[in-house]
Amino acid sequence: YIPWKKTLVVREKRVTEGYPFIIPEVIGTSSVPRFVKLNTGTSVTNGLYADVVKLFATSTATSTNSLLLNLGRASTSSIVALSTAITKKDIEISVEKRGIVASWKGSEDSTPFYFCDAERLACGDDFLVVEGAIKYVDFYPGRNDVIIYSTKEGIYATELDKRFPQNTHKLLAGDVDFKEDDQRVFIKDKIGYYELIFTASSTLINAISI
C-alpha cells in the first residue's frame with residue numbers, strides 16, 4: 001500500500017481525529033468487452049458494456065494514451081460535469097474557477113473537524129481543497145472525506161483533511177476519462193473500457209482522548 005502519514009497535535013483532554021485512506025500501490029484492471037461468451041459457446045451482448053457506454057455518453061475528455069500503458073499506482077475514480085455539485089453525507093464538492101471547493105451542508109454542531117481551525121473554535125462553511133484547472137471531481141468510493149479528481153495530466157485522489165501533509169496520490173497518468181457508478185469505477189481510453197479493481201478502504205484511526 002502507499003504510505004499514509006499525518007502530523008497530529010494531541011492536546012490534554014481533547015480528541016484528535018485522523019482518518020487515513022489506504023490505496024494499493026498496484027491496482028488491477030478488468031476489460032469490459034462488448035460481447036461475452038456463454039458456457040454453450042455462443043456470444044451475447046454484454047449488458048455491463050451497454051451500461052458503461054451510457055455512463056460515458058456525455059463525456060468530453062479525450063484520451064491520448066492507452067490505459068494499459070499508463071497504469072502505474074492507480075486507484076479509484078469518477079466523473080462529474082464542471083457545473084455539477086455532488087453531495088454525500090452533507091458534504092458538497094464542486095469545481096469552481098479557482099479549483100475544487102468543499103462545503104458543509106449539515107448542522108453546525110456536526111461540522112467535520114477539517115472545516116474548523118486547530119482548536120475547533122471557529123468553523124467555516126467551505127474551503128478550497130485543490131487549486132488549479134480541474135476537469136472532473138467526485139467522491140472516492142466508500143468515503144465522503146476523500147475525493148477523486150482529474151486534470152489533463154492524470155487522475156488523483158486527495159483527502160479533505162488539509163493538515164500537513166495533505167495526502168494526494170496520482171492514480172493514473174494521462175488525459176483519461178473516468179466515471180463511477182454504484183462504487184464501481186470505469187475508465188475509457190482509445191482502446192476501450194475498463195473497470196478498476198480496488199478495495200475502497202474505510203480504515204480509520206480511532207479517536208483518542210488523552
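This is a predicted model: local features need pLDDT of at least 70, side-chain atom pairs count only at pLDDT 80 or more; totals for chains, interfaces and linings use all residues.
How exposed is K105, in terms of relative accessible area? K105 is partly exposed, at 48%; here buried means under 20% relative accessible area, exposed over 50%, and partly exposed in between (1.4 Å probe, protein chains only). Residues are numbered from 1 along each chain as its sequence is written, and side-chain values use heavy atoms, with hydrogens and water left out.

**View 1. K105 pairs with E92 in a salt bridge.** A salt bridge is a side-chain nitrogen of Lys or Arg within 4 Å of a carboxyl oxygen of Asp or Glu. Between E92 and K105, the closest N and O atoms are 4.0 Å apart. E92 sits in strand β6 (residues 91-96) and K105 in the loop between β7 (99-104) and β8, so the pair ties together parts that are 13 residues apart in sequence. Strands (E, at least two residues) and helices (H or I, at least four) are DSSP runs, numbered from the N terminus.

**View 2. R184 and E195 meet in a salt bridge of 2.8 Å, N to O.** This pair links distant parts of the chain, with R184 in strand β14 (residues 184-188) and E195 in strand β15 (residues 193-197), 11 residues apart. R184 is partly exposed at 36% relative accessibility, while E195 is buried at 12%. The C-alpha atom of E195 is also 8.5 Å from that of G28, although these two residues are 167 apart along the chain. G28 belongs to strand β2 (residues 28-31).

**View 3. K6, E159, D161 and R163 are linked in a network of salt bridges.** Within this group, R163 and D161 have their closest N and O atoms 2.7 Å apart. R163 is partly exposed at 26%, and D161 is buried at 7%.

**View 4. T158 is buried, with a relative accessible area of 0%.** T158 is part of strand β11 (residues 154-159). Its side chain joins that of T168 in a polar contact of 2.6 Å; such a contact is a pair of N or O atoms within 3.5 Å, where, within protein, one must be able to donate a hydrogen and the other to accept it, and residues adjacent in sequence count only if both atoms are side-chain atoms. A polar atom of the T158 side chain also lies 3.3 Å from the backbone oxygen of N167.
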